[in-house]
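Here is a short briefing for your first look at this protein. Please keep the model open while you read, and find each spot as it comes up.

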Amino acid sequence: MIIDKIFDNTKDGVPNYSIDLIDGTRLYYRGVSMNPMPQKGDAINYTVINTKTSANGNQYTNIKDLEVAVNPNEQQASYHEPQYAPQPQYTPTQPPQPVPQANTTFTPKPASGGMNKSDTQRCDIFTTGVVGRAMSSGHFSINDIEELTKNAVRAFNENLKEL
């Protein structure tokens, strides 16, 4: 049997190990310290004491006489992760095409009024914020929106446009 996961649940000096095998079996090994501790992928041999069902309905097996199975030639666990054959590499049927280069000579032209798109967006956001805050204050009426907007745009152009 091959170990998938192993947990050391030792408490107050009493050894208690939970072992999940790759086939989904849950084992408990208690009362004997494991040193060295088996690792994921190790093949193990053991003797079954009994098999029970937990209160949650999960089956588990209590075991004794646990030992790591040793390969006499390598002196290591006999289980090894399977080796997979390499996948064939993709080979295009057409020759590689040149990659388009970035246009580094492009300079955005200013929009009308000497403002580019970025400035226009910044002005729109600023004006919306100023007018929205003024209107939500309750000190202005709908009739004041046009004047508030003109003042916000002028304030942007005089103070923030060149930043």
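Asp12 counts as exposed because its relative accessibility is 74%, and the cut-off for exposed is over 50%. You can find Asp12 in the loop between β1 and β2 (16-21). Keep in mind that this is a predicted model.

**Backbone points to look for**
- Asp12 is not a glycine, yet its phi is positive, at about 55 degrees.
- Asp65 also has a positive phi, near 55 degrees, and is a residue other than glycine; Asp65 sits in strand β5.
- The peptide bond from Asn35 to Pro36 is cis, with omega near 5 degrees, and Pro36 lies in the loop between β3 and β4.

**The sheet**
- Strands of a sheet pair through backbone hydrogen bonds, in either a parallel or an antiparallel way.
- Here, five strands make an open sheet with mixed pairing, in the order β1-β2-β3-β5-β4.
- At the edges are β1 (3-8) and β4 (44-53), each of which pairs on one side only.
- On average, neighbouring strands of this sheet are turned by 30 degrees against each other, direction ignored.
- Strand β3 (residues 26-30) pairs with β5 in the parallel sense over three bridges, and Tyr29 stands opposite Ile63 in β5.

**The largest pocket**
- The largest pocket has a volume of about 150 Å³.
- Among the residues lining the largest pocket are Tyr29, Asn35, Pro36 and Leu66.
- Strand β5 (residues 59-68) gives the most to this lining, with three residues.
- Sorted by class, the lining has seven nonpolar, two polar and two charged residues.

Key:
Residues are numbered from 1 along each chain as its sequence is written. This is a predicted model: local features need pLDDT of at least 70, side-chain atom pairs count only at pLDDT 80 or more; totals for chains, interfaces and linings use all residues. Side-chain values use heavy atoms; hydrogens and water are left out. On a 1 Å grid over the protein atoms alone, a cavity is a set of points where a 1.4 Å probe fits but cannot get out, and a pocket is an open set with protein on both sides within 12 Å along at least five of seven lines; lining residues have an atom within 4 Å of a point. Grid points are joined across faces, edges and corners, and a volume is the space filled by probe spheres set on the points. Helices (H or I, at least four residues) and strands (E, at least two) are DSSP runs, numbered from the N terminus. Ala, Val, Leu, Ile, Met, Phe, Trp, Tyr, Cys and Pro count as nonpolar, Asp, Glu, Lys and Arg as charged, and the others, Gly among them, as polar. Two strands pair if DSSP finds at least two bridges between them. Axes are lines fitted to C-alpha atoms, for helices over the stretch in contact, and angles run from 0 to 180 degrees between N-to-C directions. Buried means under 20% relative accessible area, exposed over 50%, partly exposed in between (1.4 Å probe, protein chains only).
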